[in-house]
Amino acid sequence: MKAPFSGHLARLPLALMDFPKVLLFFLYLSIPVTVSAESALWQDWEFTGFGTLGYAQSDKYSDLILKRNITQRSQEVEDKGWLVDSRLGLQLRKEWGPNWDLVGQAVAQEKTRNTLENSIEMAFVRYQVGNNWSFRLGRMALDIFQLSDHRNVGYSYHWVRPPTEFYSWILFSHSDGFKASYELANMDGLLRLEAYTGSTEASVNIGYGQGGSSYNGAEADLELGAGITWEKNNFSLRANLTRFSITENTAALDELKAYVSDPTIQTYWPEAAQITEDYSLKDAQFIYASLGFSWLPGAWVLQGEMSDIDSDSFGIYDGQRAYFQLGHRFGSLLPHITYSRSWDGRDYPYDPAPATPAEVPAGTLESLEVTLIDSLSSGIVNQYTISLGVRWDFASQKVLKVQCDRTTIYDNSLGIFPTPEPAPRNWQEDVRTWCSTTFDWIF
Amino acid sequence: MKIIKISLLILVLIPMIEVGADKNPASQAIQVIVNDQSKLRTLNRQQIMSLFLGRSRSFPNGQKSKTFDHKMDSPLRQNFFEWLTGKSISDIDAYWARLRYSGRTSPPKVLKNQSETIRRVGNNVNAIAYIREQNPMLLAKKGIVVVHTLRNSDAQ
């Protein structure tokens with residue numbers, strides 16, 4: 001059978017596109033879906049989708065910008081608050097007999113490098129063996145934490161966006177590879193064991209800069225991951241352990257490495273090269289572990305998650321994260337409160353740079369030291385947020401949400417929210433409050 | 001102020017988009033039905049929940065199951081899931097959104113109406129569905145067995 005949408009894809013180059021263009025393209029794709037849904041050609045395909053239209057006070061403060069994720073462009077979301085949470089997703093699924101199915105999903109949203117290829121979040125084929133085993137091959141949602149495989153689907157959770165401290169620093173959203181699942185389900189509950197491997201990539205804009213080396217590509221090998229999920233009645237528990245390694249340095253790190261390898265720097269401050277090497281991401285190993293639960297007794301909602309990331313790179317995200325949410329449904333309204341926290345308190349441990357000698361342009365070494373110290377801030381997330389929100393299910397498959405977040409950001413914690421201040425940014429502990437609203441729907 | 005204005009605007013526009021879900025019309029019971037040849041004669045609430053929440057793909061006797069549903073905005077569907085699970089239909093829809101859009105599994109296939117539901121269950125030995133209460137004798141003539149009856153008072 002001819003691949004769905006292949007005609008449309010052929011008409012558009014796989015070129016860099018910004019979010020509005022991708023959004024328009026997806027809307028264009030959805031027209032034949034609607035028209036053809038009843039026709040014989042499409043009858044066996046399941047076409048569905050989800051969307052979020054939102055507005056966030058991303059430009060409320062002049063010294064710090066609200067972002068949903070580090071993959072978003074800082075200056076774009078600062079100028080356009082509606083970009084922070086808005087997105088549109090289309091999904092198709094096709095079953096072939098009792099054992100095979102195909103799932104494809106594309107999501108249009110604001111991100112640093114917006115291409116049609118990286119807008120595809122899922123494109124995998126699954127083979128189901130009996131009631132217990134299933135195998136997936138292709139592109140899958142990166143399934144290493146509780147909300148990971150549906151965090152684009154605003155309708156499926158109560159927040160305006162998943163807790164910032166826990167989710168905003170996670171740059172990867174999908175992986176290309178293989179997953180094996182074993183499910184043991186009976187009428188009382190479900191136990192699912194999963195193992196996966198693959199590779200992934202993403203682009204980030206951690207600082208405030210625009211274009212060039214401010215937009216950094218990151219590639220990683222998911223060497224091995226394993227997960228376990230247990231569900232019984234209203235309770236579910238999920239744990240994951242994943243080991244991955246970064247395969248390439250970012251453009252900014254390559255630029256820094258080239259600079260410190262200059263003979264002048266090597267001569268007068270040889271330690272700078274070692275410090276830069278400690279920041280290096282290429283071949284850096286990470287181990288990510290998470291444990292999450294949800295308990296939904298009656299009208300109550302209780303859920304939480306904790307995680308630990310351990311890396312052998314000095315300059316990138318480290319430490320622990322956790323959140324806990326409590327909510328209660330009153331008819332169509334569901335007010336909730338969330339506490340989320342990220343612990344990461346690294347200090348810069350190196351000796352001060354030597355004074356710049358007379359034969360070198362004044363301030364060269366001092367300026368390099370400022371850059372090295374300041375770079376650490378971009379990998380630190382040491383903060384907590386208290387969120388108050390309400391979800392209103394005002395109609396079938398449609399929801400309106402409003403949420404306000406009060407965030408305490410400790411010293412040098414600039415790993416998520418960027419500041420336009422030039423280096424040395426030297427962020428000191430402070431509090432910021434942002435409010436956001438979204439309209440979420442599924443179709 | 002901008003965020004408050006936008007929220008107020010949305011609140012004003014909502015009644016123009018769609019008035020909320022249909023009013024609950026019924027105190028009438030809901031029957032869970034299967035094909036006579038499945039050999040099933042009864043299922044308890046826990047078993048029905050496992051099947052209709054996508055946790056189990058087979059009946060307690062090991063036979064493969066195929067669940068059928070009604071339209072998303074149908075009052076019958078709302079009654080069924082709320083009486084069965086004690087959860088709001090919005091919570092059920094959000095639950096299915098998680099499963100569907102994570103690529104794990106799809107919700108039960110939606111049929112057009114009660115007549116089609118009865119016809120499909122009568123023709124498919126793996127089928128399980130639910131309908132507004134009907135005379136079990138008449139259903140038996142169509143090859144259908146009622147394995148559970150849900151009532152409003154059953155809601156947890």
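The model is predicted, so local features need pLDDT of at least 70 and side-chain atom pairs count only at pLDDT 80 or more, while totals for chains, interfaces and linings use all residues. Residues are numbered from 1 along each chain as its sequence is written, chains are lettered from A and ligands numbered from 1 in the order in which they are written, and side-chain values use heavy atoms, with hydrogens and water left out.

**Confidence**

The model scores ipTM 0.84 and pTM 0.85. pLDDT is the predictor's confidence in each residue, from 0 to 100. The table gives the chain averages.

| Chain | Mean pLDDT | Residues at 70 or more |
|---|---|---|
| Chain A | pLDDT 88 | 90% |
| Chain B | pLDDT 85 | 81% |

Helices (H or I, at least four residues) and strands (E, at least two) are DSSP runs, numbered from the N terminus. Among the elements of chain A, strand 15 (residues 398-409) has the highest mean pLDDT, 98. Helix 1 (residues 6-11) of chain A has the lowest, 39. In chain A, pLDDT is below 50 over residues 1-16. It also stays under 50 over residues 34-38 of chain A. In chain B, residues 14-24 stay under 50. Where pLDDT is low, the predicted coordinates should not be read in detail.

**Where the chains meet**

Contact means heavy atoms within 4.5 Å. Chain A brings 57 residues to the contact and chain B brings 36 residues. Together the two chains bury about 4,100 Å², with 52% of it on carbon and sulfur atoms. Buried area is the accessible area (1.4 Å probe) that two parts lose on being put together, summed over both.

Seven salt bridges cross the interface of chain A and chain B. A salt bridge is a side-chain nitrogen of Lys or Arg within 4 Å of a carboxyl oxygen of Asp or Glu. B:Arg55 forms one with A:Glu231, and their closest N and O atoms are 3.1 Å apart.

**A sheet in chain B**

Five strands of chain B form an open sheet in the order 3-2-4-1-5, with mixed pairing. Two strands pair if DSSP finds at least two bridges between them. Strand 3 (109-110) and strand 5 (144-150) of chain B stand at the edges, each with a single partner strand, so one side of each has no neighbour in the sheet. Strand 2 (residues 66-69) and strand 3 of chain B run parallel, joined by two bridges. B:Phe68 stands opposite B:Lys109 in strand 3 of chain B.
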